[in-house]
Amino acid sequence: MFAEFVKRYQSWHDRNQDIAALPWLLFVVLAIMTVATGGRFLRAHNITNLLAQMPELGLLSLAMMVPMVTAGINLSIISSANLTAVIMALFLKGVFPQGAGGGTTIIIIVGAIALGMIVSIVLGLLNGFLVGYVEVPAVLTTLGTMILYEGITLAITRGFVISSMPEAYLLIGNARILGLPIHMIIFLVVALVMAIIFHRRPYGRHLFFVGSNPTATAYSGVNVRRVLLKTYVISSVLAGIAAVVMLARFNSANARQGSSLLLSTVLICMLGGTDPFGGFGKVLGLVMAMVILQAVTNGLNLLGVRSFATVAIWGAMLVGVIAYRYYQHQKWERKRKQLQRARMQQ
Amino acid sequence: MREERSMGESRVHRSVMDSFIDFRNVSKFYPGVRALNNVDFAFEKGEIHCLVGENGSGKSTMIKIISGVIQPEPGATMVINGTRITAMHAKDAIDRGVRVIYQDLSLFPNLTVKENIAFGLYGDTRGPFVNWKAVEDRAVSAMRSIALELDLDRLVSSLSIAQQQLVEIAGSIIGDIKLLILDEPTASLTRVEVDRLFATIRTLKERGIATLFVSHKLNEIFEIAERVTVFRDGAKIGVFEPKELDQKKLVFLMTGQEVVSEPPKPVRSGAPELLRVEKLSRGGNYKDISFSVRAGEILGITGRLGSGRTELALSLFGMNPPESGSIFISGKRVRVHSNAAATRAGIAYVPENRLTQGLIMPQSILANITITILEKVIGAFRLLDHSRSESLSREWIERLSIKMPSLDAAVQTLSGGNQQKVVLSKWLATNPRILILDEPTVGIDVFAKDSVHRFVKQLAERGDIAIVLISDEVHEVLDNCHRILVMDRGRVLDEVLPGSDAEATLLEKFNLA
C-alpha cells in the first residue's frame, strides 16, 4: 500500500519535474506558519479567511496563465475584469425592478452574467486580433489595452464606485452549497475545465506548441493566428468570470478594483511552473502556488507583519522564483550538453 | 622578435619550419568522452586544408585547440609557425595570426559594415571622439583586399548571410593574419555565394594566408582543398590529396563502413498518376511548372538554392498560393489555400529546416509525432485519447526504428537523424498520398542518411504514395529517384533519368554541386 503510493509519487515526480517541489514547499509553509502562530493559523476562522480571496485570484491567474503558455502575457486582465464588472453592475442596477419575483431575479442575473461574458469576449477579441493577426507583441498590445480598458471604465463611471448590487446577486459571493462557498465552486469547476482543455483538447495542445515554436506549429497545419485569437478571448472570459465573483464579493465595481493583483497573478503562474518563455504550464501547479502564496501572506498577517512589508516579501519571492527557474534551466541545459557529448561518443 | 618575447617558447628544429601548424600527440578528454585521442595534425603555410569527419569525430575540438579556446591534455606538442608553444590561450592564437569564423557569425547586426569590420579601432581612438576617417579607411582597405564591394554604412542585419560572412572575413584579416579557420562556412550559402567565398579563399592564399576549411559537403571539399585530413572517433585516419579520393572512398574513411545505395525499384506499369501540376506560376518564385508523379514513383527536383524549388513545394502544400495554373490529385483538380487544406487533400511536406520548421524542439516526441493528427485521436466526450496517440506514436517509432529514451523525452534530446525520422513520422501519420521531402537529409550523418533513403524507397515500393524529393545534393536525387527535374531561376530546365551519364549531365551541363 505504502510502497504503491511511493511508486506512484515517483512516477508523478518524474513526469512533473517543473512542479514536483511545490507539494513539499506547501507542506513546509503550512508547517512553519502553524508553529509560528501557535496554531492560530489552522483555526477554522483563519482558514475561511485564507480561502476567501482565492477564487478571484485563481481565476485571474488562470487568465494570465493561458497567454503565458503561448509565450505571451495579458496585462489587461484586471482592467478588462473591471470594465466587465462595471457594465454588469450598471445593468443590474438599471434593470432590476424593486421587489421582483424569483423568476425575474434569476433571468436578470443570468442576463447580467451573459452580458458580462459578451463584453469579455469583445475585449478579448481586440487583444487576440492585435496579437494574432497584426502580430503586435503581447506585452505591448495588452499594456495598451490595459490602459484603454481602464480609461473606458473611468469614462463610464467618472471615477465613482458603483455599489449596492441586488441582494440575490450577492449570493454568488457568500452563499454555500454543501458547505462550499459558491465562488469557490465556480473556481474549482473552471480550473478543472481548463486543466481538461490544456491536456485533452487539440486546442490545448496547440497552445503549448505555439508557445514553444510557432513556425513549426504553422508548418504542421495549425492555424496559429486563430489559436492566439482564441487564447486572448479565453483569457478575457476567465477575467470576466473573475469579475462576476468580485462584483458579488465586494458588492461594488470601479475602474481600479484589485489592480495590485496583476503582480500576484504573474508570481503565481511562475511559481506554479508556467514557463514565461512559453510551452509549459500546469493548472495543478498554479493552484498549489496560489495556496502557498496565500498561506504566506495570511500567516505573516497573523504574525503582525504590516501589509506594506508583505508587498516587499511578494516582490522578493517573485525575484527568487525567477532566479531559481533560470538556475534550473541552466542546470538542465548543461545536463543536455553532457548527454549530447556522451551520445556523440557512441 | 615577438615570438621570442613570449614565455614558454623555444625555437624548434628546422624540418618543421614549413608547417604553419604542427601538432603532435594532441588529446582532449571530457567526462566519459575521448574527443581527441593522440592525434597528430599538421598543414603548411598558405595551404588550403580541409578537415572532415562525422559529428563527434573531434573536428571542432581540434579547431578549438588551435584557436586556444580550450587546452589539450598535457603531453601535446604544439608548434605554430616554427615556434613551440606550451600553453596557448585565445589571445596567443590571435597574436600568432589565427582567426576563426564560426558557423553562427559573431557580428553586430545593429551596426554598420564599416563598424563591424574596423570596430577594434574604437579602442585606438585617442581623445573623446571616434575617428571615423580611420575606421572608414581601415574598412575600405580590408574590403579591397578580398575584393568585397558593399555600402560601408549599411546595417549588417540588412545583408545576406553570405555577405555577412564576407564582412566577418574582411574584419578578421585586419592585422597580421596567417591562418583563417572556417567552420562549416557554406551551410547556408547558395552556389553562386559559395563560388564567391572560394574565390576569396584563393585570394587569401595568394597573400600567403592558410585556410583550414571544415565542411561535410564532400563535393566542396574536392573543389577547394589542396589536402584533406580525415578524423574519425577522435583519431586521425589520414591525410589525402583530393585526387586520391572520391565520394565513396571519403565516406568510407569518415565512417569506417561502406554504404551501398541501391536504386529504387521500377514503378509498376499502370500505376495511376497521383499528382499532376499544370502551368503553375507565381511571380518572382517560379514560372510555368508542369509535371506529374505516379503512385510508387519518386520524383527528384534539384537545383541551386533560389531556384524556386522550395517555393514550388510550399505552393503544393498550400503555404504559398500559386498565381496561375492548376494542381490535380488523382485526376481531380484541387485548390489548397492553407496547409491544413493540403493535409486534408493528402499532401504532406517535410520542410527543409528541421530545427525551426519541422519540430517543436522542447516538446515531447509524442507531441511532435501526433501534432498533425490530433483531430484523429479524439475519443469519448470529444477529448484526446492519450492511449491511442501513444500506441500510434510507438507504431511509427518502430517502423522507422527511432532510437529514443522515452515518448515523453523532449525531441531535442535526439540525434539529428532520429529527429528527422520524427518529422517523417509526423507526416506519414497523416496517411498522405503525396509526400514532399525538402532536403530530408541535410545535416545528418551518413548512416542516418542511408537509413532515411532506404525507408523512402521502401515507402515508394508499397505503390500507394507519390514522393517528391527535393535536394541540392546531386547524388541524393541520382541514387533515390526515378526521374529528376532540374530547376533554375524558377523554371524547369530539363528532366534527367538516373543512369550512366546522368551524373555528368547534372554536374557539367547544369553546373550543380
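Two residues are in contact when their C-beta atoms, placed from the backbone, lie within 7 Å. The structure shown here is a predicted model, in which local features need pLDDT of at least 70 and side-chain atom pairs count only at pLDDT 80 or more, while totals for chains, interfaces and linings use all residues. Residues are numbered from 1 along each chain as its sequence is written, and chains are lettered from A and ligands numbered from 1 in the order in which they are written.

**View 1. Where chain B touches chain A.**
Let's start at the contact between the chains, which takes 27 residues from chain B and 25 residues from chain A. On the side of chain B that touches chain A, the elements that give two or more residues are α11 (339–344) and α12 (354–358) of chain B. Helices here (H or I, at least four residues) and strands (E, at least two) are DSSP runs, numbered from the N terminus. What is the make-up of the residues on this side of chain B? They divide into 13 nonpolar, 12 polar and 2 charged. In this count Ala, Val, Leu, Ile, Met, Phe, Trp, Tyr, Cys and Pro are nonpolar, Asp, Glu, Lys and Arg are charged, and the others, Gly among them, are polar.

**View 2. Chain A as a whole.**
Chain A has 15 helices and 4 strands. Its radius of gyration is 22 Å, close to the 20 Å that the globule rule gives for 346 residues, so chain A is as compact as a globular protein of that length. (The radius is taken over C-alpha atoms, and the rule is 2.2 Å times the number of residues to the power 0.38.) Along the principal axes, the C-alpha atoms of chain A fill a box of roughly 80 × 55 × 40 Å. Buried residues make up 42% of its 346 residues. A residue is buried if 20 or more other C-beta atoms lie within 10 Å of its own, exposed if 12 or fewer, and partly exposed in between, with C-beta atoms placed from the backbone. Take the contacts in chain A between residues at least 6 apart in sequence: 79% of them join residues at least 24 apart.

**View 3. His206(A) and its surroundings.**
Look for His206(A) in helix α10 (residues 202–212) of chain A. Why does His206(A) count as buried? Because His206(A) has 23 C-beta neighbours inside 10 Å. Leaving aside neighbours within four places in sequence, His206(A) is in contact with Thr217(A), Val222(A) and Val227(A). Val227(A) is 21 residues away from His206(A) along the chain, yet their C-alpha atoms are separated by 7.1 Å.

**View 4. Chain B as a whole.**
Now for chain B, with 18 helices and 21 strands. The radius of gyration of chain B is 26 Å, close to the 24 Å that the globule rule gives for 513 residues, so chain B is as compact as a globular protein of that length. Its C-alpha atoms fill a box of roughly 80 × 55 × 50 Å, taken along the principal axes. Of the 513 residues in chain B, 43% are buried.

Helix α5(B) (residues 132–145) has 14 residues and reaches 20 Å from its first C-alpha to its last, close to the 20 Å expected at 1.5 Å a residue. The expected span is 1.5 Å times one less than the number of residues. Buried in α5(B) are Val135(B), Arg138(B), Ala139(B), Ala142(B) and Met143(B). Seen down the axis of α5(B), these buried residues fall within an arc of 130°, so they line one face of the helix; the arc is that of the directions from the helix axis to the C-beta atoms. On the other side, Lys133(B) and Arg144(B) are exposed. What covers the buried residues includes α4 (113–118) and α6 (161–172) of chain B. After α5(B) comes Ala147(B), whose phi is positive, near 55°.

**View 5. Strand β9 of chain B between its partners.**
In strand β9(B) (residues 210–214), 5 of 5 residues are buried. Both faces are covered, with Ala210(B), Leu212(B) and Val214(B) on one side and Thr211(B) and Phe213(B) on the other. Strand β4(B) (residues 48–52) runs parallel to β9(B) and is joined to it by 4 bridges; two strands pair if DSSP finds at least two bridges between them. Cys50(B) stands opposite Phe213(B). Strand β8(B) (residues 179–183) is also parallel to β9(B), with 5 bridges, and Ile181(B) has Leu212(B) as its bridge partner.
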